[in-house]
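This briefing covers one protein model, beginning with a single residue and moving on to the overall fold.

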Amino acid sequence: KGNLNFDNVIHEWGMGDPIHSNGSAYGDLNNDGALDLVVNNVNNEVLIYKNRSLEFFPENNFLKIALEGKDANTAAIGTQVKLLSGDKLFYMEQMPNRGFQSSVDPRLNFGLGELENIDEIHVRWPDGKINILKDISSNQTLTLKWEEAVDAPEDFKFFMEPSDQLFSKVESTSVLDYTHRENQAVDFDRDRLTYHMLSTEGPKAVWGDVNGNGLQDVYLGGAKGFPGQLFIQTSEGRFRLSPQETFRSDRLSEDTNGVFFDANGNGYLDLFVTSGGNESGFGAMDLADRLYVNDGRGNFSKSENSGLENFRISSKVVKVMDIDGDGDLDLFIGARVIPFLYGVNANSMILINDGKGKFSDGTEKFAPELKEIGMVTDAVLTDYDGDGTEDLILVGEWMAPTILRNTGGKLEKLEAPELDAYKGWYQTIAVGDFDGDGIPDFVLGNHGLNSRFKPTLESPIRMFVNDFDQNGSVEHLFVQKDGGRHIPFTLKHQLEMQVPSIKKRFLKYSTYNNKYMEDIFTPQELRNAVMQELNFRESAVMMNLGEGNFEIKVLPRMAQRSWIYSILVTDLNGDGIEDLILAGNLKGAKPEVGQYDASYGEVLIGNGDGTFEYLPNREHGLQLHGDIRDLHLVKKGDDKLLMVVKNNDAVEFWSF
């Protein structure tokens, strides 16, 4: 239907009968130009489906190309073929293998629609040699031989490079030489029924002028077992490593975020680093956040009088604010997870500064609703209601966007029942004014549409968390609501590994088949469980309509290809309207749900009304591979650079 929207037409096309198959392949069995389908079945006859599309659409044409290879590559595997006709381009690559022990018709079959002639055919063989054919009629089979190919001219380009791309990659080591290394912890070794790892959500980049030379320096967090690193910016726009022994001393902590701010009132930027992850147990010392005091020259020492050792939670985000109005800077700490109790809502905190860099818990007095508020992944401070005080907006996993309004010395949760329809797996939030009305709007980075998980408001994904077998460790059961009952995602053998009694209740797979959660566990077991809910998975803009009202606008469909972990708001084309750069991905996922790796960096051009136009990668030029965790704009002289921070990979820079 276009724009990656599809309708299921299996019944209309005559293929809707239930089968048990283990292989399929397509090929033009009767040489009419329409691809037929062969399906191999278990303990049954093979099925052959004849493609009758040309009977219904006789105006459509085709071109078939048979490739003759040479030497050991008899099928010419890897050959690329491009057809040009006017402004239309068709492309195929010779790679006939499909799935397990299946192969499609090795002849390349191009559907041409109503085109009767092809202007040019370009063939590039695996050794780089080419064939060029011109003025070719449709509805025929061409046989092309590798041995007849010729050397390509020096100026020949098989793929035309787009001109005037927005971004171009620069040699990163000429700016900053840093590679993040992730430790080898696997969340699924403990939480066997979950699907996504929490221990690969870093690093973040923390910016500030630590030596007073007017240039922004950067701290890049380290994974557990690896110290964070501080880089000092030079006048040439390069960043040099500043060794700090105190960071090495705390390398057992997982750096999840941080902020530079003047904690003790001496005029120098100190460094606060949040400790988190999902690897250390409840109350572990390496979960204590850390304050590093700056001597004014960019040399840091750990504060031994910060009081932070009293607060050992798995933190994910920190924001600086003066909540008590005494002139010194206090902190909001967003808790990601209760260690070893994923799914149970964590307590975020307000830490009150005594003015000398010593912190105490002020949550009960200034923001009591932060207790058990959820699994917070990101937060922003902004005056959303225009009353002159900064409010706190939170996002998280299994959470709806949550607003805590600053009433003048206290944060109170805004009752916004319309946002309950948008409980997501959010990883990031950014602020912008996307309709030019002068009040802040928000963009939310969510799970996306390219996923096995397909919740709706009526049929949400839910997770039940409980120690179902009373062995001292919790189990996580993912289900989807179906009317008044719940369909489990968990297979029998997976569940009985964690809850052995399941094996006795259901001796065979056939007895477990088609069972609802309510059939598998008793009402008492389910009643004691913590339940989380996901009913919205799209990344979206939350438009601020004023007076505490908001409207959710889903971002373009092509921006929903993967999980979004970082968002940069900036004006890319100089039209005065804010645009978006989105990036993310998550490799740390179970095989049954698949890696989330389909995003190569998304660029969305703002229309000025809260909507955005998707700009394809071939036009903007970004090709971001891997798990992106942070995006920043960096000035290098008169140039602007996009800094891309990755998990378990090197930092990248792109000029624009």
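Asp 649 counts as partly exposed because its relative accessibility is 33%, the class between buried (under 20% relative accessible area) and exposed (over 50%), with a 1.4 Å probe and protein chains only. The model is predicted, so local features need pLDDT of at least 70 and side-chain atom pairs count only at pLDDT 80 or more, while totals for chains, interfaces and linings use all residues. Residues are numbered from 1 along each chain as its sequence is written, and side-chain values use heavy atoms, with hydrogens and water left out.

**Surroundings of Asp 649**
- The loop between β42 (639–646) and β43 (652–655) holds Asp 649; strands are DSSP runs of E, at least two residues, and helices are runs of H or I, at least four, numbered from the N terminus.
- Apart from neighbours within four places in sequence, Asp 649 is in contact (heavy atoms within 4.5 Å) with Tyr 178, Thr 179 and His 180.

**Overall fold**
- The protein contains nine helices and 43 strands.
- Its radius of gyration, taken over C-alpha atoms, is 29 Å, close to the 26 Å of the globule rule (2.2 Å times the number of residues to the power 0.38) for 656 residues, so the protein is as compact as a globular protein of that length.
- Along the principal axes, the C-alpha atoms fill a box of roughly 85 × 70 × 50 Å.
- Of the 656 residues, 51% are buried.
- Among contacts between residues at least 6 apart in sequence, 55% join residues at least 24 apart.
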